[in-house]
Structures are given as structure tokens and as C-alpha cells.
Amino acid sequence: MIPSRARNRRASAPTQQVESWRIGSAIALARQFRARNEQTMLVLLGIVVVLANPLFGVAEEAMTRDGRRLNGNLAFSAQGGQFICPDGKKQPLSTLAWVRYPEATVLAPGKGRIIHQLRFSSDERIAGELIRLDEKHFTFRTAWGDTLRVPRNKAAAVVSADDYLSLVIDGLNDVKAFEREGAKPAFADREAFTGKKSLTLEAGQEEVRFVWKKRLARCGRVSLCFRDPGDLRDGQWTIAFRNKSTGIVALTGNSVSYRADASDGQSIKATAGWHQLLMEWTDREFKLFVDDYLLAHRRHAEDCRPTVFAFAAVTKDKSRQADSLGVDDLQIAAKADSLPRPLGVDDQDEIWLDTGDQVFGEIVEASTSDIALKNRFGKKVFSWSRVRGIYFRPQKETAAQTEVWFRSGPGISADILHGEILDLNDKRLLLRHEILGVMVIERGRLERLIFPEPPKKSPRLVTICPELINHAMRRGGTGVPPVQTGETPVPPEGSPPEGGPRTRNTNGKKQRHSGCSRITMTTTSNLDGRCSMKCRLAAVLFAAVALPIVLVNPSQSGQNDLGPNAKDVREVLDKALAFLKSSQGSDGSFSPKLAGPGITAVVVAGLAKNGVSPKEPVMAKALEYLEKQVNKDGGIYNKFLANYTTSVALMAFKETNADGKYDGIIKNASNFLKGLQQETEQSDVKHGGFGYDKKSRPDLSNTGFTVEALIAAGIPKDDPAIKKAIQFMSRCQNLPGETNDQPFAKKTTKEDEGGFTYHPFEDDKNQYKTEAGGLRSLGGMTYGGLKSFLYAGVSKDDPRVKAAIGWIRRHYTLDENPGMGKAGLYYYYHTFAKAMDALGEERFAGNDGKKHDWRRELFEALKNRQSANGSWRNTGEKTFAEDNPDLATGFAVMSLSYTLKKR
């Protein structure tokens with residue numbers, strides 16, 4: 001339940017008072033200007049009407065598909081949806097890319113716990129609690145308390161909400177496991193938050209202390225729900241968190257307010273009913289929230305982990321039951337480090353553990369507390385305290401629909417569902433979901449709506465016989481209707497017989513000679529046999545002009561026009577840049593919780609390679625953020641993924657290093673990277689490789705990033721670090737012989753020969769094992785390996801390079817990541833682009849003999865996958881975090897920079 005908006009909020013004035021003030025102010029202005037002229041009066045009266053309308057109480061923001069931002073409100077009627085601006089102008093729904101709702105509503109907790117997220121086959125997710133899973137159904141309770149029964153085969157995964165692993169989920173129905181002081185607490189069933197009962201503190205001077213005896217994780221949270229009785233008179237209650245280094249941090253409540261007992265403590269107005277209290281900590285800071293209000297934020301030089309949670313009620317009138325404090329639903333959770341999830345197995349379920357390991361088999365049952373999985377080793381039960389998520393066999397993607405983002409409750413990332421909007425008014429939205437049926441979502445919960453691209457007209461193939469063109473031109477270009485594909489082209493009556501086969505009229509039946517050649521054109525217009533003379537003439541003239549171009553020498557077509565049009569590339573880049581500006585954090589970062597500074601660095605490097613100046617605000621802010629992530633050891637990271645993030649950040653600084661500004665950072669970062677290399681014996685398969693950090697198992701992806709970064713930093717290609725890295729990468733190639741002495745290479749299949757696999761270790765956890773005992777070659781890894789060889793100066797005549805090119809010729813595609821489907825697609829595009837650019841073949845020949853204009857084809861693949869808001873996002877089942885649009889867009893922008901050949 002980590003708050004998505006960690007900032008102070010104040011309780012707003014009642015809406016009625018706000019509207020009264022607006023109307024009064026507008027009328028006062030009107031009176032002042034009454035004597036001036038009637039036109040001014042009418043304008044001001046119009047303002048009164050707009051301000052008095054509740055629809056415009058708080059404006060929403062929309063973006064049109066052509067990039068314009070609008071303020072107003074989205075409304076639905078019998079005629080469909082439209083965005084109404086304050087001036088009365090209406091924008092049709094088909095012209096909108098998205099609508100974003102203001103952050104005005106602070107939600108009290110719903111009636112369900114937020115422990116898990118249920119995910120469907122696309123990027124949809126909904127927060128709540130997994131109650132039960134069997135072989136056929138899920139029983140899932142949402143955050144607002146509805147219990148859903150979902151067919152098992154419709155779900156993609158159930159994961160720990162926001163990467164928080166539950167250590168304690170306690171309804172507080174008894175306190176045997178905890179210490180207590182004072183009178184014995186009571187349990188009331190009249191107003192439990194979850195379950196049947198809640199803990200109540202009624203007697204004066206009563207305290208219950210919860211002591212967590214184990215050492216908590218360095219990052220985590222404690223949350224609970226409390227019920228304000230609403231009438232404490234002169235009494236008060238306290239909920240405190242105690243820690244050896246930070247002392248006591250308490251939340252005190254009475255009939256007036258809730259106040260944090262801290263040096264920077266804030267207060268908010270008290271209201272009767274259930275509220276949620278959340279304490280979130282890292283190893284050096286903590287935050288205290290009530291609902292979505294941040295009431296305290298402290299930073300300390302010492303450990304901030306709490307050890308004692310105490311609830312106390314203090315009242316002067318001991319006999320008044322109304323003074324009781326209700327407490328329920330204690331949850332303690334540990335934050336798991338963010339990791340990219342490896343590819344799963346298509347025909348098995350998976351449990352992804354907190355360590356990053358994967359266990360495959362069949363998930364036979366699950367509940368709020370644990371999961372049972374059966375495989376060839378038997379049945380094993382895993383606690384949710386060790387599990388990041390459970391994933392099921394991949395499901396089919398659904399058709400594009402409106403994407404609805406809404407808040408389940410305080411302190412949790414937004415839920416996302418796809419469906420058809422049936423109705424929207426000032427109170428609620430009705431959404432028809434393919435699996436969940438009709439959903440009612442309170443309007444105050446809405447964050448944004450993202451609309452799918454409107455369907456484009458299907459192109460129609462129009463076929464014209466060249467002989468008809470000749471005849472038409474002889475007759476002044478008249479009388480030649482275009483003919484649909486599959487129909488018989490018929491020349492006009494009396495056509496002369498010269499020029500080849502003809503269609504003739506025999507006894508009233510029209511017949512076509514088989515030798516008649518035709519030209520096929522694509523059009524989106526509604527041409528038919530009854531089209532106007534002007535349309536027919538245009539089609540004839542176009543075909544007449546195009547015919548010599550196509551027929552004179554088809555083999556020479558496009559030889560001098562390789563790659564996409566620069567203007568088209570710029571349009572795609574501008575849309576991406578607009579999205580990135582809207583997505584950037586206030587500190588200049590992009591999705592830092594997912595990968596520290598890594599995604600920010602990918603975005604900066606990609607934009608820089610596309611010619612975006614470091615002085616542009618989006619770049620300047622991002623670079624300032626990256627500078628703050630530089631550590632004393634030279635690494636550029638934040639707790640995890642030290643190698644990845646340092647490598648891409650080094651390349652970002654290199655691309656923007658005007659006048660040597662970042663020379664020192666680049667040098668120190670390259671020394672840090674060298675220190676992460678595996679310094680084992682040369683015979684050890686790990687020798688020369690790079691992993692996520694010094695202790696992690698090396699892999700080709702990490703090693704490829706490091707090699708590219710070191711060479712960008714100016715490290716010579718014959719440096720020992722580069723040579724050892726190339727040796728490790730050679731052991732990842734399916735090429736038995738002198739360069740790869742590993743047993744798996746001898747078992748490689750003809751299909752995999754020459755390609756690269758993720759890592760060369762043959763343990764049981766390696767998901768890329770083949771039936772023959774080898775390791776499967778993968779597209780992104782093969783292009784990454786080839787790129788690294790070429791960057792490191794390995795000759796194109798080297799057997800390793802030739803073998804890699806051979807594999808690529810057999811598997812050339814931009815429809816998927818070969819060997820992995822849609823998984824890691826944008827990672828694949830960026831390694832494809834770099835490798836093909838380094839190879840230098842502008843027309844790359846596949847094994848089928850077709851020569852590919854790879855720059856143009858890559859551009860078209862990127863353009864066709866770009867969302868209306870300018871972003872890219874991988875909506876496949878296994879995305880390797882590319883369902884995050886910042887990451888996917890960063891990779892896409894990087895790839896885009898290679899679509900134009902550098903002159």
C-alpha cells in the first residue's frame with residue numbers, strides 16, 4: 001500500500017462552499033462592470049453559468065491524437081462520449097488519446113485488504129486479496145470489498161502488490177502472540193474492517209503492545225485500519241511505532257484532528273469511520289500516512305526499522321462505550337528488490353520467488369497465506385512471504401479497448417482494466433469487462449482513460465488492365481472504371497485488337513484472355529464501377545504514370561532510397577518526446593522504483609542519439625538526476641542492478657559529454673565496471689563475464705552492456721577486460737569448437753547453430769534447455785553478441801561472426817524476438833539496430849534470398865507499435881518489465897536513432 005503521491009495534502013473546503021464563492025465572485029465582477037457595456041455583461045454571466053455547473057468544478061485534462069492538451073470534462077450521452085471544454089466546444093471521443101483526472105479525492109480504505117494484484121492476459125491488473133484458487137476458479141476479493149469468481153484460464157498471474165511480500169496478515173481476533181499492558185482488550189463484531197471481529201480499546205489508560213521479535217527487512221511497511229468513534233469529547237487515543245534509533249513516532253487522535261508526533265508532524269481534520277494508517281520505511285528514512293495524507297517524513301543516519309507497535313486509548317469518562325478505538329487488519333510486509341522477470345515456460349505454471357528463482361510445475365491450489373505447486377519432484381507449499389508472484393500458462397491477448405486507470409484505495413498503484421465504457425456521469429463509470437462483466441467504478445477513483453486508436457479504413461486492392469490504360473489514353477482518358485481484385489477487367493466495346501490478349505464479347509458473355517497483365521493499386525477510397533469521371537480519370541493517369549516506373553526496371557526500384565523518410569522519423573520521435581515529458585518525475589527521473597537510474601539513462605542516451613540537446617529541459621533534468629546517483633565507488637546505481645544501470649548511465653553521459661563535463665564520471669564508472677568482472681580461472685565458464693553485480697552469476701546481456709559501455713568510455717579494444725569478456729560471450733554461442741569448450745555446445749541443433757543463449761550454465765533452472773540437451777539460441781542475445789564482437793574489433797571473417805550472421809539470415813524478423821515471441825521485444829529491437837548498423841549491410845539478405853531494407857523495416861515496426869500518446873509498451877504476457885512504457889519507450893527511441901543512416 002505504498003502511496004503513489006507522497007506529499008502533504010490538506011482537507012479541502014466543502015464543494016458547496018467552493019461553488020458559492022465562485023458564483024459570488026463572478027456576480028461581484030459583473031456588478032462592477034455593469035455600467036460599461038452589455039457585451040462585457042454577457043461574458044461575465046457566461047462565466048457564472050460555467051462556474052456554477054458542477055461538471056466544471058474540477059477540470060480534467062485531455063490530449064488529442066494530434067498532441068493538443070485540453071481542459072474540461074468528459075461526458076457520455078446517448079450519442080456517445082465527448083470532451084466538453086469550458087468555452088462550450090466539444091471534442092469527439094475518437095479524436096482523444098487519453099483523459100487524465102485531477103488528484104482531488106482522498107480515498108478512505110475500502111472493505112477489503114490490498115495484498116495481491118490479479119492480472120489478466122494483457123497488462124490489466126486489479127488489487128485485492130486472493131481468497132482461494134483451485135483447479136477451475138479464483139475467488140478474489142477486491143479492495144472495495146466485492147468478491148469475484150474468475151475462471152482460472154482467464155487469469156495470467158497473481159502477484160504481491162507493489163512487490164511487497166506479506167510477513168504478517170492479522171485480523172487481530174486474538175492477541176496471544178503479542179505482549180499487552182493494562183486492562184484486557186475486547187473484541188467487537190459490530191464494525192469489523194475485515195473478518196468477523198476487531199480489537200477495541202475502551203477502558204481508560206489501556207495499552208496493547210505488538211512486539212515483532214524478528215529483524216524486519218531494510219525496506220518495508222506496517223499498515224492497519226482504525227475506526228474513529230467520532231465522539232471522544234475530551235479524550236484521545238494514540239497509535240505509536242517504536243524503534244531504538246528513532247524513538248517513538250505516534251499518531252494521536254481526538255474529536256478534532258489526527259496529528260503526527262514528530263518534528264515535521266502535520267495534522268488533518270478528524271472524521272468518524274474507518275481510516276488507514278501506514279508507516280513506510282527504508283534503511284534511512286520513514287514516512288507516516290493517514291489515508292493519502294503524508295503526516296510525517298523523517299531521515300536518519302541510523303536504522304529506521306520499527307520493533308514495537310502500540311495501541312492506546314485514553315478517556316476521562318471510562319463508562320462511555322462510544323469512546324472506544326477500533327483497530328483491525330494489521331499487515332507487516334517487506335519490500336522485495338525490483339528484478340526483471342526471466343522468461344517462463346509456455347506449458348507450465350510458475351512460482352517466482354523473492355530470490356529471483358523460478359519454480360515450474362502445476363499450481364494446484366492457493367490462498368491468502370500460501371501456494372501449493374506440483375511437479376516431477378512432488379508437491380511443495382510456498383508461503384507468500386517468499387513469493388513475488390504466481391504465473392499461469394500464457395493466455396491469448398484481447399482486442400484493443402479503452403484502458404481505465406483507477407484507485408482501489410490509499411497507498412496502492414492504480415488498477416488497470418480494459419473494456420467498453422457504457423456510461424459515465426458525475427458519480428460513477430460503467431465498464432463492461434470481458435471477464436468480470438459490468439463494473440461500477442466511482443468517478444472519484446478515476447485517474448485516467450486511455451483510448452485505443454480508431455479503426456482505420458481497410459485498404460482496397462484496385463486492379464487495372466494496362467491495355468485499358470492504353471485505350472483510355474488514346475481516347476483522351478475516359479471510360480475506364482477501376483475493377484476490384486478478382487473481377488474481370490473488361491475493355492470498352494470496339495477496342496482495337498493490337499497489343500496482346502484481349503477480353504472479347506461473345507454472345508453477350510464477357511471473357512478475359514489469361515495472358516492479360518494487370519497493375520494492382522491500393523486505395524482507401526470507395527471506388528467502384530459507378531465512380532465519377534473525375535475519379536476514373538485520376539486512377540487512369542496515376543496508373544499510367546506508375547506503369548513505366550514499375551515495368552521498366554523493377555530490380556532498380558528503391559536502390560537510392562534506402563531507409564525511412566527523415567520527416568517521418570521526426571514525427572514519431574516528436575510524439576515520443578511529448579510522452580516522455582509528460583511521464584518524467586519531478587526529480588528528473590523515469591520509473592526509478594523499477595530500475596533505479598537505469599531507465600532514466602536509457603531515455604537520455606536514446607534522445608541524445610536522436611539529436612535532442614542536453615540543454616532541453618527534459619534532458620537537463622534527467623542528467624541532473626543521474627549525477628545525483630553517482631556513488632563514491634564510481635558506480636551509478638541505487639541499491640540493485642549496479643552493472644546494468646552503471647553501463648547505460650555511462651553511455652548516457654558519454655552521449656551528452658559536451659566540453660568534457662562528464663569526463664571524471666565516465667572514467668570512474670569504467671573503473672567501477674572493470675571491478676565487477678569475474679576474475680576466476682580461465683577454464684572456469686564464469687571467467688570474464690559480468691552479472692548484475694560482483695556476486696551475481698554472469699550472463700550475456702549484462703556482459704554485452706558492459707562491453708559497449710567500456711568501449712564508449714574509450715577503453716582500448718585490446719584491453720584485457722574486453723578480451724576476457726569476449727571469451728565469456730564466445731562460451732554463450734552455439735558454436736562447438738575452439739572458442740566454445742562447453743558441453744552444451746556439442747549438443748546444439750542445426751536450428752540453434754551460430755546463435756547465442758542467455759548464459760552458458762547447464763543447471764536445472766536454465767529455462768532455455770533443448771530436448772537434445774543444448775541451450776536455445778535467442779534473437780536479442782544473438783544480435784547482442786554480434787554487436788559486441790563487432791564493437792570489440794572481431795573481424796567479420798572470424799568464424800564466430802560468420803556463424804552469428806548465418807543464424808540471423810535464417811531467423812530474420814521484426815515481428816517478434818526469435819525464440820522468445822513478444823517477450824523482450826523492445827530490448828530485441830535495440831540490439832538488432834546496433835548490430836545491423838555495425839555490420840554495415842544496408843540491404844541484408846535473408847536465407848530466402850530476399851534483401852531487406854532493414855532500417856525502413858525497423859522504422860515501420862516501431863511506428864506501427866507506437867501508442868497514440870507517443871509511448872511504446874509491451875503488452876505480451878512475459879515482458880521483462882517492458883509493460884512499463886518508460887522502459888519500452890526508452891528502448892524504442894534508442895532503436896529509432898539507427899533507422900536513419902548517418903551521413
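Close-up 1. Asp-163 is partly exposed, with a relative accessible area of 27% (partly exposed lies between buried, under 20%, and exposed, over 50%, with a 1.4 Å probe and protein chains only). The model is predicted: local features need pLDDT of at least 70, side-chain atom pairs count only at pLDDT 80 or more, and totals for chains, interfaces and linings use all residues. Residues are numbered from 1 along each chain as its sequence is written, and side-chain values use heavy atoms, without hydrogens and water. Asp-163 sits in the loop between strand 10 (155-160) and strand 11 (164-170). Strands are DSSP runs of E, at least two residues; helices are runs of H or I, at least four; both are numbered from the N terminus. Phi of Asp-163 is near 65°, a positive value in a residue other than glycine.

**Close-up 2. Asp-329 within a strand.** Asp-329 belongs to strand 25 (residues 325-335). Its phi is near 60°, again positive in a residue other than glycine. Asp-329 is buried, with a relative accessible area of 2%.

**Close-up 3. Helix 7 against helix 18.** Helix 7 (residues 598-609) and helix 18 (residues 885-896) pack at about 25°, with axes 8 Å apart. Axes are lines fitted to C-alpha atoms over the stretch in contact, and angles run from 0 to 180 degrees between N-to-C directions. Ile-599, Val-602, Val-603, Ala-605, Gly-606, Leu-607 and Lys-609 of helix 7 meet residues of helix 18 including Leu-887, Phe-891 and Met-894. Contact means heavy atoms within 4.5 Å. By class, this contact of helix 7 with helix 18 has nine nonpolar, two polar and two charged residues. Ala, Val, Leu, Ile, Met, Phe, Trp, Tyr, Cys and Pro count as nonpolar, Asp, Glu, Lys and Arg as charged, and the others, Gly among them, as polar.

**Close-up 4. Helix 16 against helix 18.** Helix 16 (residues 825-839) packs on helix 18 at about 20°, with axes 8 Å apart. Helix 16 and helix 18 are therefore roughly parallel. On helix 16, Tyr-826, Tyr-827, Tyr-829, His-830, Ala-833 and Lys-834 make the contact; on helix 18, Ala-888, Phe-891, Ala-892, Met-894 and Ser-895 do. The residues of this contact of helix 16 with helix 18 divide into eight nonpolar, two polar and one charged.

**Close-up 5. The whole chain.** The chain has 18 helices and 42 strands. Buried residues make up 53% of its 903 residues.

Technical notes
Angles under 35 degrees count as roughly parallel, over 145 as roughly antiparallel, 65 to 115 as roughly perpendicular and the rest as oblique.
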